[in-house]
Amino acid sequence: MTPGLLLLLAALSLASGIVTGPRLARTWLALVLAGAAGALISAWAVLESGAPWEWRSGFHLGGEPLHLRLDGLSALFLVLLSVIGGVSAVYARQYWSDERYPDSAPAGRAWWCGLMLSMGGVVLCSNGLHFLIAWELFTLCAFFLITLDRRRREVRAAGWLYLAASHAGTICLFAFFGMLAARTGGWDLGPMRDRAELQPLCWLMLTGFGVKAGMFPLHIWLPSAHANAPSHVSTIMSGVAIKMGIYGLVRFSGWLPMPETAGWVILVLGAIGALFGIAFALAQSDLKRLLAYCSVENIGIILIGLGTALLGTARDHAPWGRLALAGALLHVWNHGAFKSLLFLGAGSVLHATGTREMSRLGGLWRAMPWTASLFGLGAVAVSGLPPLNGFVSEWLVYLGLFDAASSRAASVGAVMPAIVMLAMTGALALACFAKASTIVFLGACRTQAAAQAHECGTLMRGSMLALAGACLVIGLGPVLFWPPISRAVEAWSPAWASTVPPVPLAKLGLVQVTVALAACAVASWLWRKSRANGLRRGLTWDCGYAGPTVRMQYTGGSFASIAAGWFAWLLQPQRVLRRPRGLLPTDATCIERVPETILERVLTPLSQIVMRASAATRRLQHGRLSAYILYVLAGLIAMSLCVVLRP
Amino acid sequence: MTILQIIARLALWLLVAPLLPGIINKVKAWVAGRRGPPVLQLYYDLARLWRKGVVLSTLASPGFVIGPAVAWVAVASAGLLLPLGPAGGLFGFRGDALILIYLLALARFCTSWAAMETGSAFEGMGAAREVSYAVLAEAALIAAVLSLCIQTGSTSLVTMLSPSASAGAVLLAAGLFTVLLAENCRVPFDDPNTHLELTMIHEVMVLDHSGPPLAVILHGAAMKLMLFALLLVEAVLPLGKLTWPTAAGALVGGVLASTVGIGLVESLLARLAFRRVPLLLTTAFLLCLFALLIAWKGGGGA
Amino acid sequence: MTEWMNLLIGVAMALNLLALGSGRLPTIIGAMSIQGVALGVMPLVLGEYPDWRVMLVAVATVAGKGLLIPALLRRAMRAAHIDREVEPLIGFVPSLLLGAGGTIAAVALARLLPLLPEHSGSLLVPGSLASVLTGFVLLIGRTKAISQVCGYLILENGIYLFGLLLIHSTPLLVEAGILLDVTVGVFIIGIIVDRIQRAFDSLDTRKLTTLRE
Amino acid sequence: MKDLLLIIVPIAGAGVAACWPDNRSRPWLLPVVAAVHCVLSFWLLISPPEVSPRAWLGFDALARAVLPAVSLLFLVCAVYGVSYLQVRKERPNRVFVACLLAVLGILSAGHQARHLGLLWIATEAVTLAAVPLLHFNATPRAFEATWKYLLVGGTGIALSLLGSFCLGYASLHGGGTGDLTFTALTAQGASLSRPWLLIAWVLLLVGYGTKMGLAPMHTWKPDAYGEAPGIVGAVLAGGVTTVAFTAILRVRAVVSAAGQAAIADRTLLAIGLFSMLVAALMLLGTRDFKRMLAYSSVEHMGILSVGAALGGAGVWAALFHVWANGLTKGALFMSAGNIRRAAGGRTMDEVRGMSTLTPYSAGIFVAGMFAVTALPPFGPFFSELRVVRAAFESSHGLAAAMFLGCLLLAFFGLTRLVFAIVDGRPRTASRSIGKRFPETVGVILPPLTLLGLSLWLGLATPTVLHDAWSAVVTQFHPGK
């Protein structure tokens, strides 16, 4: 079975999934899994052999011959797509079932197949025109998936924001591909590093793909969209869809000649985005918004790697660049795995309790032990802690940065701030997810809804287990995953072609395994010892206060307040405070809301300027006929001036 | 051979670590003019706790016990990664410095997880403080590691930690010492033996722990202290240049000195107000940063 | 010949100013019809040997501009009971000044434009430009539908004047100009028909502003 | 002969319709005549006839490149018209049908006119013939719209006549015989007197621009499209405007033959971008979804003239866009008409939740909206992308940026309005009205067909159209 044949089968099964999906849910699931499997196998074959698969057909689409290419880089993203797509399809089967959502579930299944198809097209198409088509179709499918639950106003608003932002990005891509076609004389894509005149295009590319990737400060659409979408959609959005933006950045930064400035810009944006993203995440009270902002952070980490790699290429392919790129690409997978796991976990919580507000949850571990433990695992992974996968990729990026710093190449020293910021990001991520997991799952139930929660169904649990397994495997056996990553790196820059890991990944794996095993051993030992000594259940010790109530629990807001306070200048939290008054105070409230600062403080004013211009224009269409004829005269005069005056 | 080495080092960490808190307490007692508890007090406590039963909060999940265990493992393995001066490292390799830092982070995650188990107001407070201040502490730590890395051009602890004492060493020492105080929750950041829960970080996180878990936590804390003391000494003293016995002596002496230093600080300083803590930590970070810049400058020519 | 021609054109221009200045619709309509007749006569004056095409144009013009349309306008006024006053958006004096200025500008502009020797003496170009401007001033500056129609008519007369430059070389084009009269006819019929339908009262285009933005 | 039939058949059809007795069966004349016309035009498209250079009428390259699109659009509109007029039984449709057919005939004449005067006459005639169509609903609003259409459009027409005179005088002054066929004018080329030529260009651009609906002469458009029945809007937007556009193209060819192409392109680019900007700004705020279509049409007229200003590739893209936009816009007009009838309202304040009330029309409306905002894989995406590419190729980077910016703003406006109409919970009032206007096959199939055509046009542009457009480029854009 050649990759081509497998891909064809995958495409066919997904396409038939579009047709049959709305009617037959089971068949749909089978088809999606078949498609995912086909894509996965073909991509893995390419990653194993390292031989890119390319197909130029005589079949014209939109006046351009179809040209597909599956090299290491696209295979890497295709693997991600097929795994996450398949797993969350399984999850969706139970989470967004016909019984619960009779009017939106059927359409959702069709759009799902469309989304997977179009994203596959994005990574495969090697022709500008077809790339754009696939890109826009993927945007559109994602939009309809986000707004599956159209009845809710905030969902529609979030969907529109997503659509508008993505289209703004796409407009940049229109310009990008148009200019590319104009300068190269064709829509066909491929390596063109040697054409220096293409350098300015990289800024268009950066903006266009940056919007989709949720690169700070272009991430405005991301939080609301990810938070309001159905959880399986949030999963594929943050697991795969934003990675498509990363794919575009990596792909074209590999193909186009990139000025060194671009490397610096990406590095700086990445570092800032990582730090600010996690700061925003820390301050959120909505579980899914928190996860969404954390995606901004991880995109930042990936961009740090990419930026360092670009600096490396600018310094005749210094090996540290390769290290950083490998880290970034591995982080693409890792983030896909653990962020999807977390979103699915959040989905189960939402499914069980009907709320995303962390201050309404708590103590869920009793009702849903599986979700709790898996979410905890994901939290460890996303905080980049050993022995899980998040640490591996961050470690690689770190090493790249450290080598760059210690390479003593004069200007490269400027990466050192990035290292410190990355470290702070890591610590903040730890704080953020210590908050998220413990506030939601530990302690006492804060509301009735939380008390009446129930464990999620087998399919949902199974898909979460699969992702957790992925986190564990990548974490414990990183060396197994080096060859595919190195294929991707090779596809990005042939100068770095080599399958031997430049760093002792095996030893890292050994340490991780040791820690994991030791942890299990000691934990069970301690548990047994405590049991042996006699376990007694008692009231929580509240310093002598005998009747602790739920309201006395530490809340998420207060947990985050210290660190969030350091970023108050950025977060600009809005607080509605009603203090207790009088001798016998009745009730007091403190509601704190953290706005999407970039959107509400920067973009909204700008858009208001545009709207004012529009209002002024509309006033000109006031319906008075004589004025209309005056306009004709004005047009006449303006045109004559345009003829007479030459620029 | 390596197996034996591992066991030996493990034993060392297990047995020696609890000594340091004892020494600190002794020093404090001397300064205060009291006799104070015996140096081996912690050993007795651990032994007693290990035999005691456990009282679990009704809200607590198994994580309440698993957390301390994993934290202890993390600290212990971080200790094993740390080279012991002349004895060298067990298996030093590129980038193990980062693993060490992140193992400590893992320990932090697990302790705060365990703290949040009980749904108590106080322990949440402690956990929040722990994870928040760690942000600055970790920045300082990474800056220190980075300066060592630039000094030696390596990211492996074994080579990193035998620097020629440069001008930055003093700054580095000051910075790392402050980080040590912060990470181990000593005065002026925290007061290990106050009983006013509102003013504590580490102690308040373990309010509800009892029996073996508490023993594990205490022992882990002791190991962490020793780890930071070792790190400090090795980062500052040019042990690599000395012969075996002198180096060993210097190492032990250094550790003792820093322990005594902690004791003195505790008895001479008062605990800071919490809103001052970030300030002090930022100072530590800046110290490490200056050390880094000096290393960078010094390295620039070479 | 050119003198006669210029005389007629002068008359037409004077009528423009009258139309601009007068405050009563009948006056404007009268000016229209006289101007129409004058314009109709012009081709005969212009050509030495008036061939049948030119004759046709002349007859059609006199009939259309001179008699038919004014009659229709009067009928419309009667049918719609339109009071004879003209409410100007641009006052009469300003409109007069505009018209005069436009005329002067037209003469000046016509100097700049290259003309064929046989046209060099005639006032055709300035006359037409002036009428076009006058038409625009009326269209923009008057509120009554009827007065706007008159403005359109003057605009069209200006174009017709220009067309006379081409009457011998390309008669068809000039004849085509007659179609504009049809447009005007449609306007007026529109008014009458709609008046009968009672769709909107008092033909004041200021009231025609339900459709906006 | 066939090319004359294109004109005669519809006119004859109009005559028949005028004396056809039965109000019920008269509408069926529309599809019959339209079908014949469509067959003829496509026949001619595939096997283009020889056109003698002196001929005043002829199925030349430009007619071949554009007329079939108009004919196709008209055919679908005619099919839709049948069911539409069934719904509107209460109105006598004698005048309507007759005028609609007459419009088709005159349009074919205008597209084939190779003589300046003839072209002008055709435009004038079509303006007049469209009046009863606009006034079909006979409401005060309709009257107001018609009045404005007539007066603004009439002014434009008058200006274009003046322009034609000036062009004629330019040729006379250049020693021409006063032969105003475009062939002759182009042949005269550089000897045309420059000042008169430029005056003529400005007047013709503004005059025909008014018919096209370029800002700031677009003011009649929203009123007319807003008040006229959907198909009339579609025919105006897809047919009448294209006549004006081809007229501008023909004149531009003359101007560039006289060596003033740079000036012509400059003016075209300026007015095109200005129209796009005005349209985009209007779209951002408009609340009436039929007027929205008008502004969107203004925007696309701007796209056409920008394309025409960008040299050969641009003209090619513009012709492509004439097809793509005409067909897509037709689908939009029809579905909008359905929604308008079913909801009993025209603004986003009155109309909500149409996805539940008229699911098919709403779906078509949304799809068409995406198509018209250049989302792939529909036709406009390809044509507009080609315009962008042409802009970069002719090193008009700034123009391309403005072009894309306006597209973005228009997208914001359109999506905002369309989703406000489609989503949400329908008003109780429109619930009851909706029952009276069920979505029959007759009102759903035509717009669906148009969408399909637009899709097909984009994904698999037939080579014959490629050739037709390239032929125009070679004839009207020699050199470069």
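This is a predicted model: local features need pLDDT of at least 70, side-chain atom pairs count only at pLDDT 80 or more; totals for chains, interfaces and linings use all residues.

Me: Which pair of chains has the most contacts?
Reply: Chains A and B, out of four pairs of chains that touch.

Me: OK, chain B on its own. How many helices and strands?
Reply: Chain B has twelve helices and one strand. Read from the N terminus, the order is α-α-α-β-α-α-α-α-α-α-α-α-α. Its radius of gyration is 19 Å, close to the 19 Å from the globule rule for 302 residues, so chain B is as compact as a globular protein of that length.

Me: What about its span and burial?
Reply: The C-alpha trace of chain B spans about 60 × 50 × 40 Å along its principal axes. Buried residues are 62% of the 302 in chain B. Of the contacts in chain B with a separation of 6 or more, 79% are between residues 24 or more positions apart.

Me: Switching over: how many residues do chain D and chain C give to their contact?
Reply: It takes 34 residues from chain D and 34 residues from chain C. On the chain D side, helix 5 (116-134), helix 6 (140-173) and helix 9 (220-227) of chain D supply at least two residues each. Helix 6 of chain D has the largest share, 19 residues. By class, that side of chain D has 19 nonpolar, eleven polar and four charged residues.

Me: How many helices and strands in chain D?
Reply: 20 helices and zero strands. A compact globule with 480 residues would have a radius of gyration near 23 Å, and the 21 Å of chain D agrees with that. Its C-alpha atoms fill a box of roughly 70 × 55 × 40 Å along the principal axes, and 71% of the 480 residues in chain D count as buried.

Me: Where is confidence lowest in chain D?
Reply: In helix 18 (residues 428-436) of chain D, with a mean of 71, while helix 17 (residues 397-422) of chain D is highest at 95. Chain D averages a pLDDT of 91, and 99% of the residues score at least 70.

Me: What ipTM and pTM does the predictor give the complex?
Reply: An ipTM of 0.92 and a pTM of 0.94.

Me: Next, how far is chain B from chain C and chain D?
Reply: Chain B and chain C have no contact, and their closest C-alpha atoms lie 56 Å apart. Chain B and chain D don't touch either, with their nearest C-alpha atoms 42 Å apart.

Me: Back to chain A. Is strand 5 well covered or hardly covered?
Reply: Hardly covered: strand 5 (residues 589-593) of chain A has five residues, and the count of buried ones is zero. Strand 5 of chain A runs antiparallel to strand 4 (residues 574-578) of chain A, joined by five bridges. One of the bridge pairs there is A:Arg575 with A:Glu592.

Me: Last one, A:Gly85. Buried or exposed?
Reply: Buried. The cut-off is 20 or more other C-beta atoms within 10 Å, and A:Gly85 has 26. A:Gly85 sits in helix 3 (residues 72-95) of chain A.

Me: What does A:Gly85 contact, skipping neighbours within four places in sequence?
Reply: A:Val32, A:Ala36, A:Met116, A:Ile236 and A:Val240. A:Met116 is 31 residues away from A:Gly85 in sequence, with 6.9 Å between the C-alpha atoms.

Technical notes. Residues are numbered from 1 along each chain as its sequence is written. Chains are lettered from A and ligands numbered from 1 in the order in which they are written. Two residues are in contact if their C-beta atoms, placed from the backbone, lie within 7 Å. Helices (H or I, at least four residues) and strands (E, at least two) are DSSP runs, numbered from the N terminus. Ala, Val, Leu, Ile, Met, Phe, Trp, Tyr, Cys and Pro count as nonpolar, Asp, Glu, Lys and Arg as charged, and the others, Gly among them, as polar. The radius of gyration is taken over C-alpha atoms; the globule rule is 2.2 Å times the number of residues to the power 0.38. A residue is buried if 20 or more other C-beta atoms lie within 10 Å of its own, exposed if 12 or fewer, and partly exposed in between; C-beta atoms are placed from the backbone. Two strands pair if DSSP finds at least two bridges between them. pLDDT is the predictor's confidence in each residue, from 0 to 100.
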